[in-house]
Amino acid sequence: METDKLMSEDIVKSDNFELIKVTNYSNSTLNPNVSRSTQDLRERARLQYGEEKGFKSRLQEYFLVNYKSSLRIRIFNFLIKILSCILYCVRVLNDEGNLLDKNNYSNFSEYHDLFWVDRSHTLWILQTIVAFFSIINTFIYFIITYKGSILRLLLNIHFLLEIVTSFPLIVSVFLTTGREIYVPIFLNCWLANGILNAILNDINRVSNVKHSAVSRQYVILLSTLICLVFTGTCAIEHLQRAGKNKLDLFTSFYFIIVTFSTVGYGDVIVDTKITRLIVISLIVAAIIIIPSKVETLAQTYLEHKRTGVDCTQGFTKGDKHVVVTITHFEADFLQNFLTEFYAHREHQGYIVVLLSPAELDDKTKLLLKIPIWSQHVVYIRGSALKDEDLERAKLSTAVACFILSARHINNKITTDEHTILRSWAVKDFAQHVPQYVHIFRPETKLHIEYAEVIICEDEFKYSLLGNNTIVPGLSTFITLLFHTSRGEEGQKSQEPWHKIFGFHSGNEIYDIRVGDSRFFGDYIGKSFVYASFYAHKSFGVCLIAVECSNGEIKLNPGNKHILEIDDRVFYIALTNEESLSNFKRDINKQRKNMNKTLSATKSEQVIDNDEIEKQIQINQHKVKLKKTLLQKAKAITTFKFDSPQTLRGDSNTIIPNIDQVTGYDKPSSDEDDDLYENDSDCFNNEIIKTYPPVSVYIGTAPVICHMLKKQRPICCLQIAEPCKHCNFRTAIEYNFPSKAIIVAVDKTSSGLYNLIIPLRAYYRPVEKLNPIILLLELKDTQTPNPAFLDAISWFPMIYWMHGKISNLENLLKAGVCNANSIIVIKEGSTNVEEHLADCSTIITVQKIHRMFPSLRVITELTHASNMRFMQFDAYNFYALQQSKIEKREKKRGSQMPFMFRLPFAQGNVFSASMLDRLLYQALVKKYLIKFTRLLLGIEQTSGSGYLTSFKISYEDLWIKNYGRLFQKLSSSCSDIPIGIYRTKKMDLKALSDKFEKIKYEEYNNKNDIHQNNFYRENLSRVVAEGMKNLGLIYDNYENNNEEKDKLSYVIINPSHDMEIEEGDIIYIIRAPVKESATSKKINPKRGLIRKPTQLSKEINVLSNYASQYNEETKIK
């Protein structure tokens, strides 16, 4: 296609000619006497103001430039060509071959029928009219495209065909003898084929809709085949007129089809040389043309599959759809999204449109071919930054747009920048479509504050890591609570803890209007805590939060909040109330399943009771020795009731009474006021409760914390470097009142701020605040961001130091021997294969675990499947058995088969990808993000409670079961328990009866060997040498494997009848406390303490003796 420098408009390719750009030259341009500068000025004036158009220019605009009028002309011309072919067929059908007899020709009869045909006068008139319109159109195109080269026009194949098929009929108007001459009008089919291609292009331009390229190639291939068959049919029929075996039109069509299909029956033959030559030519043409067309179609189809489909043609008006845009797709990510999204009944009829510039890999393609997804998922290859791709995805009519960030990209800052641009592009294209955005860095929220829901991974990840140190297993609790499940995991296992853990993992958060609820409708006008306790007792659901009229969510607002008919409440349950089709039957079914699960622990309880009975028999002899003292006591019965051993050993023992839940707060005692005065003096010295004066990033939620009255010097923050204010070089020298929390991270980020906030929240007892030591992998000359240091300098007991977590000396300086736990975080980018991105973290954790087996190591992994490598022990037979359970659960279709892996079950590891499920559910549960932030303590609401925990000791076993614990906490201080973190010794009590004893003994023997092998002794020697070099006391080092003999798991929303065991950690949502609350009121275990004022002085003396006596006997 030729071009010109001065072209002003593009002219598309016509049906018969290869068009060029139209150029209008001014007279001065052709005048060589005019200077170049003058020509440039005139050309600029022509381009700016235009020039008067002549007749030729108007024809060009009408036939070529204006694509709407051009399309109409081409359609008319196409119909003319088709009509000419139809008239040719009519002429053939009416030609009976009588022309020779009619004119009495005796000579040249053999070839006479090839040049002369029998054509009726009416048919001649129609064919001539059609030819006239066709030739006029041809000459008009010749005029408007003439460039001074007649030879180029005469050599154009389309022009030659037009002359051959139309010009003889025009001449026959003036030469009557030529009206019966044969004209190969059937060749017009090829002209119609060329016009059809131009029409398809014009249709795209007129409609502004890009039709499928594959469909266009299908049309082109089909039209080419039709032209070949039609040409062969007409040519064979006409040429056989000169032969002995004359063929009609249908027989010729049959012959061509049989020949082209390579069948060749041989029942129809051609007997002239020219006919056989034409057949050979047609076969050669088909071999050349058809493969090229098929190849073009195949390439277009493959490219079409890579780019996905076009939703503008596939949806009906009633279809609802959501658009998911992400820069990189992974099969696991896609499966998690689809499973979680379609797990909700409200989403069943939705179509998910995947918009991504990345090509789907083979695994993802196979996933989308699964019948359950193939009808609901549409993939489009494109970019959210292009309006045409957003139009293909029909974003303007979408219910929502999920803008997700790919973890495959190493640099999170760059990923967030891409996310911001995609979000802006979506907002610009469809302002009304709500956006659900996933980002990494908290500071990114500033740019997309308009989004409906924003989930910041670093906020949730760091806050979970921090909370895990003071609320063990919270990451597992949160992960399971916000994961859609039916509680069927582990029910086929023989392990009792699998059944309990898996069944209670089916609990989720739901919301409902009180006036519409059968769970809580009867408690309208009652206090919040009253409704929570009795709803749990009656239906097994746990009421934990309420949404106020101003839209704020409050966790356990306490007895001050009275339920109203329009309140929207949030509760934990196995299923939402709306899914209970038959309320009573379904509730009874849930109770039956819960009782069946609880029966799995009966065998354990029998063993425990037998041991307790033996212990009681031993103690009876000791009790007789004290008979004289006991008989003198007036409250001897009370002693029997209060003794934990007696309560657990005698089923006929009277259990101490617990106050009824009335829904009213009890007045505080005078003792609390006395404590408040003492605490106030302590607070006024150094620490106050207020908002942090400096924040790390814009957009952080205001949270009241324990803050220093006076900012510490920046030099004092570095714990391993002495300064003029402090000469200490190790954490041990500081003699902290509580065990420290070591946070090992390779680089600082704003997310670390969210780790500190929950650990310094005002509702944490100030005397139990754990020091936080940041072990930063920086260069010796490099320091953290000054803004970050300025922010943490206002918090009490927060330090940092240079060092690597893999360096033993750095760990010892950080006080790892006396640490509460250590958090390992890897923020640096890696260039390895995506599933190996966690390799460094896993190996580092393994080193620490081998050197300090009693230290609790908490970390986060990118991929959930890598959790099986955490604290890997080839000699731990029972831990290795969990891989078999994981495979069974995966075969059963479980979306969390790894939940029975011991590190995840005990809450030492989680994957941030699990938090994506919060965003996937946000379309139905818009409150989840806000609710999770309140639960983790990175956001506070006035009048809202908070999450904390306490541990059940031996003296607390008088409470017996979870229902009595719920009643005691609710009646005494309006607290609401929501779960249990249970730790059991890994022996035959915790394992199933079918667990082979031989294998278990083999496991124990291997474990003993492992504990005393060379590597263990060598590690102990290395640690001892390192402590000696730093002047540390070796007695502080504990190198034992007691933790390996234990397994831990969480129980979400236990039933009323579940037994409480020693060592259980109870998750509770405490009622709101004031900022000025004393340490006693903040004490999480405050609600479980029995008031000594209910006992007489004699009983107090005896109770003190009893407790001391029980401790002595327990030690013995």
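Q: Leaving aside its neighbours within four places in sequence, which residues is Ser166 in contact with?
A: In this predicted model, Ser166 is in contact with Ala131, Ser134 and Ile135, once neighbours within four places in sequence are set aside.

Q: Where is Ser166 found, and how far apart are Ser166 and Phe133 in sequence and in space?
A: Ser166 belongs to helix H9, which covers residues 157–171. Between Ser166 and Phe133 there are 33 residues in sequence and 9.3 Å in space, taken from C-alpha to C-alpha.

Q: Does Ser166 count as buried or exposed?
A: The cut-off for buried is under 20% relative accessible area. Ser166 has 1% relative accessibility, so this residue counts as buried. For the protein chain, 53% of the 1116 residues count as buried.

Q: Which residues form the nonpolar patch on the surface?
A: The patch is formed by Phe76, Ile125, Ile129, Phe132, Phe133 and Ile136. Together they have about 530 Å² of accessible area. Helix H7 (residues 121–144) contributes the largest share of the patch, 5 residues.

Q: In what order do the strands of the open sheet stand?
A: The sheet has 6 strands, ordered E15-E14-E13-E16-E17-E18, and their pairing is parallel. At the edges stand E15 (798–802) and E18 (909–911); each has a single partner strand, so one side of each is left without a neighbour in the sheet. On average, neighbouring strands of this sheet are turned by 20 degrees against each other, direction ignored.

Q: Over how many bridges do E14 and E15 pair?
A: Strand E14, residues 772–776, pairs with E15 over 5 bridges in the parallel sense. Within this pair of strands, Ile773 stands opposite Tyr799 of E15.

Q: Which strands does helix H33 lie across?
A: Helix H33 (residues 839–851) lies across E16 (821–825) and E17 (856–861). The helix runs at about 175 degrees to E17.

Notes
Residues are numbered from 1 along each chain as its sequence is written. This is a predicted model: local features need pLDDT of at least 70, side-chain atom pairs count only at pLDDT 80 or more; totals for chains, interfaces and linings use all residues. Side-chain values use heavy atoms; hydrogens and water are left out. Two strands pair if DSSP finds at least two bridges between them. Helices (H or I, at least four residues) and strands (E, at least two) are DSSP runs, numbered from the N terminus. Axes are lines fitted to C-alpha atoms, for helices over the stretch in contact, and angles run from 0 to 180 degrees between N-to-C directions. Contact means heavy atoms within 4.5 Å. Buried means under 20% relative accessible area, exposed over 50%, partly exposed in between (1.4 Å probe, protein chains only). Patches are made of residues with over 30% relative accessible area and no salt bridge: like charges are joined within 9 Å, nonpolar side chains (Val, Leu, Ile, Met, Phe, Trp, Tyr) within 5 Å. Accessible areas come from the Shrake-Rupley method with a 1.4 Å probe; for residues, only the protein chains shown count as cover. A salt bridge is a side-chain nitrogen of Lys or Arg within 4 Å of a carboxyl oxygen of Asp or Glu.
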